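This report describes how one protein model is packed and how its parts meet. Please keep the sequence and the structure in view while reading.

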Amino acid sequence: MATERTFLAIKPDGVQRGLVGEILGRFETKGFKLVALKQLVPSRELAESHYGVHRERPFFAGLVDFITSGPVVAMVWEGDGVIASARKLIGATKPLEAEPGTIRGDLAVNIGRNVIHGSDAPETAVFEIGLWFAASELCEWTPADQVWRVEP
Ligand code: UDP
């Protein structure tokens with residue numbers, strides 16, 4: 001399994017509801033490595049680029065309004081298979097269909113307020129990391145307990 005990076009973002013509903021610590025903890029305790037973290041209110045330009053694939057969808061305008069309505073916690077996480085694994089930890093797009101134990105399954109009820117975004121594929125992850133972060137914001141480090149989580 002290749003070591004890779006993914007882009008995750010706690011949406012304004014997750015921040016407003018005080019779920020940042022709870023959500024960060026899920027990825028931290030799983031054993032993935034935090035590479036970058038910042039809070040910002042996204043510009044419309046950033047939100048429209050991020051959700052560009054949905055530009056023609058009826059929910060696009062509302063989604064952009066929502067994602068720019070308050071602080072978002074943007075993150076890059078690293079680990080073997082982290083892109084697909086994070087999507088599993090996040091759960092289905094519709095929170096009522098998300099399995100219990102997943103973030104959306106445990107913490108959300110509505111598709112328009114599903115608390116977190118996660119890249120869905122390697123190409124998307126590269127695009128989204130580059131869109132939200134400068135290379136200088138990505139921290140290169142080795143966790144002190146790495147050998148206790150990943151067999152050398
Ligand atoms: N979304 C929405 N209404 C819909 C479909 C999607 O508000 O009918 C929003 C929702 O916040 C979702 C985001 O658009 O998380 C992106 O949709 P996608 O299908 O890419 O889901 P995700 O990858 O976030 O699970």
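Helices (H or I, at least four residues) and strands (E, at least two) are DSSP runs, numbered from the N terminus. Residues are numbered from 1 along each chain as its sequence is written, and side-chain values use heavy atoms, with hydrogens and water left out. The model is predicted: local features need pLDDT of at least 70 and side-chain atom pairs count only at pLDDT 80 or more, whereas totals for chains, interfaces and linings use all residues.

**Loop residues**

Glutamate 99 is found in the loop between H5 and H6. Its relative accessible area is 56%, so glutamate 99 is exposed; the term exposed means over 50% relative accessible area, buried means under 20%, and partly exposed is in between (1.4 Å probe, protein chains only). The C-alpha atoms of glutamate 99 and lysine 88 are 9.3 Å apart in space, while the two residues are eleven apart in sequence.

Valine 115 belongs to the loop between H6 and strand S4 (116-118). It counts as buried because its relative accessibility is 0%. Its phi angle is near 60 degrees, a positive value in a residue other than glycine.

**The nonpolar cores**

A nonpolar core is a set of buried Ala, Val, Leu, Ile, Met, Phe, Trp, Tyr and Cys residues joined through side-chain atoms within 4.5 Å. The largest one here has 21 residues, and Ile23, Phe27, Trp77 and Ile103 have the most contacts inside it. At least two residues of this core come from each of strand S1 (3-10), helix H2 (20-30), strand S3 (72-80), helix H5 (82-90) and helix H6 (103-107). H5 gives the most, with four residues. A second, separate core has 19 residues, including Val72, Val76, Trp132 and Leu138.

Contact means heavy atoms within 4.5 Å. Beyond its neighbours within four places in sequence, phenylalanine 27 is in contact with several residues, among them Leu8, Trp77, Ile103 and Ile116.

**Aromatic pairs**

Rings of Phe, Tyr and Trp (its six-membered ring) pair if their centres lie within 6.5 Å; planes under 30 degrees apart count as stacked, over 60 as edge-to-face and the rest as tilted. The whole structure holds three aromatic pairs. One of them, between phenylalanine 27 and tryptophan 77, is tilted, with 5.7 Å centre to centre and 40 degrees between the planes. Because phenylalanine 27 lies in helix H2 and tryptophan 77 in strand S3, this pair ties together parts that are 50 residues apart in sequence. Phenylalanine 27 and tryptophan 77 are both buried. Elsewhere, ring pairs link Phe7, Trp132 and Phe133 into a cluster.

**A buried glutamate**

Glutamate 78 is located in strand S3. With a relative accessible area of 16%, glutamate 78 is buried. Its side chain makes a polar contact of 2.7 Å with the side chain of arginine 5. A polar contact is a pair of N or O atoms within 3.5 Å; within protein, one must be able to donate a hydrogen and the other to accept it, and residues adjacent in sequence count only if both atoms are side-chain atoms.

**The ligand**

| Residue | Polar atom of the residue | Distance |
|---|---|---|
| Lysine 11 | side chain | 3.0 Å |
| Isoleucine 111 | backbone | 3.3 Å |

Taken alone, the ligand exposes 500 Å², of which the protein buries 78%. These accessible areas come from the Shrake-Rupley method with a 1.4 Å probe; for residues, only the protein chains shown count as cover.
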